[in-house]
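Okay, thanks for making time, everyone. Let me put the structure up, and then I'll walk you through a few spots in it.

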Amino acid sequence: MWRELWTLVARAARGSRRLCTSQSSRAPAFGSGATIFALSSGQGRCGIAVIRASGPASSHALRSLTAPRDLPPARSASLRLLSDPHTGEPLDRALVLWFPGPQSFTGEDCVEFHVHGGPAVVSGVLQALGSVPGLRPAEAGEFTRRAFAHGKLNLTEVEGLADLIHAETEAQRRQALRQLDGELGQLCRSWAETLTKALAHVEAYIDFGEDDNLEDGVLEQADSEVQGLVVALDAHLRDARRGQRLRSGAHVVVTGPPNAGKSSLVNLLSQKPVSIVSPEPGTTRDVLEIPVDLAGFPALLSDTAGLREGVGPVEQEGVRRARERLGQADLILAVLDASDLASPSSCNFLDTVVDLLGAQSQRLLLVLNKSDLLPPEGLGPSLDLPPHLLLSCLTREGLGGLLEALKKELAAVCGDPSTGPPLLTRARHRHHLQGCLDALGHYTQTRDLALAAEALRVARRHLSHLTGGGGTEEVLDIIFRDFCVGK
């Protein structure tokens, strides 16, 4: 329904532009930039829907749809009757807000219509705006792109805004807010200032090296600044891609012998019956993946086939895929039946999987499930087990302790978005920081001052590209494509 509505609005807007061309004496001069409009609050029935417009004709659009016709006070909500500009038919009684540029989100004149969220009301207002000369429907991300073009947001802040819109967990929200607040951009600007200062020292030595007025130690000071920057960049690039994991989710693999309760644990953590639970061994024969929120962190949870030998070809393929996933995991949940630890399958799993993965320094939590089947005295002192967590998927006893352990492990994998330096959340960030670091490597290796100065310029360009300076249109198109229409 909403796609059909937007098509009708686009047609109405095209019609109004033809009308504006043939009857130009009726339309005011709007300037060279187009004025865009869109539903910004998301699709579907709701109490309040927000429709926004941005561009030089925003004030004309507001006057065309409202009574009285004068503009309301800037940045103050005013109750107005919205009417069709051609027929005068009432559309809704709504709150309108007027944001004259440059004090607006986009830096242009903007207006917002806070209307009742029924489809008929939203449809009527959008079609009315589409009939106003000089207005056209916005493309995806066009409002944010105009904010970027007018210097309201740099490129890392734009990416932070996109991440905030798509955030599904507490950790993702915190990280996105930090990037939207400009922490990564400010860090890059401080690095760029360091490079600018070093470049100025090198060029001063090139131009005035034989001048007695040039203070001593100019090149040594530049070298010291560059060396400090190399250390900082290297530390950021050695973050094990925590920021990217925080955006996309850590890969958590659940493994163990058959009938240990792996699928029950997956259902418990995902809070829905995504995996079939059965007392029959070998129920899970393929890898089942589900995105989940684990203790506030995003994760891709994988339920895998029980690890055992001597089974049919289908289950054996499932076992092969399960072992393959273990090598790709950021965190492994190794599950054993707490009431059956002396069985050959449990002992073999402990010896061949848990000990091996621990020796490889792979992050692993050993979960002893079915604790409700244990005798009152518990596991008993005779068992020599590595550090573990007791859990009952049936009674949920021990779930709190497991979630706390998961939170600690995932914070190490994804980084703590509340503390420490800003994280690199995209491959683009890593590419430009690595390019900057490579250029500084050329600076330290060359003995030619002209080449050293050029290496510093290349390094500065990489930092500029990271925050959006000199970015190519293709890169910008990809970034803004992540936004919905109306943002």
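So, one term before we start: buried means under 20% relative accessible area, exposed means over 50%, and partly exposed is in between, with a 1.4 Å probe and protein chains only. Also, helices (H or I, at least four residues) and strands (E, at least two) are DSSP runs, numbered from the N terminus. This is a predicted model, where local features need pLDDT of at least 70, side-chain atom pairs count only at pLDDT 80 or more, and totals for chains, interfaces and linings use all residues. Residues are numbered from 1 along each chain as its sequence is written, and side-chain values use heavy atoms, with hydrogens and water left out.

Let's begin with β8, residues 250-255. Are its faces covered or open? Both are covered: A250, V252 and V254 are buried on one side, and H251, V253 and T255 are buried on the other. In a regular strand, side chains alternate between the two faces of the sheet. Six of the six residues of β8 are buried, so the strand is largely enclosed by the rest of the structure.

Now the neighbours. Two strands count as paired if DSSP finds at least two bridges between them. β8 has five bridges to β10 (residues 297-303), running parallel, and there V253 has S302 as its bridge partner. With β11 there are four bridges, again parallel, and V254 stands opposite L333. Zooming out, we get an open sheet of six strands, ordered β9-β10-β8-β11-β12-β13, with mixed pairing. The edges are β9 (288-294) and β13 (389-390), each pairing on one side only.

What lies across β8, β9 and β11? That's helix α11, residues 313-328. The helix runs at about 140 degrees to β8; axes are lines fitted to C-alpha atoms, for helices over the stretch in contact, and angles go from 0 to 180 degrees between N-to-C directions.

Next stop, S104, in the loop between β5 (90-99) and β6 (110-117). S104 is buried, at 10% relative accessible area. Its side chain reaches the backbone oxygen of E108 at 2.5 Å. Leaving out residues up to four places away in sequence, S104 touches F99, C110 and K152, where contact means heavy atoms within 4.5 Å.

That's my tour, thanks!

Key:
Polar contact = N/O pair within 3.5 Å; in protein donor to acceptor, adjacent residues only side chain to side chain.
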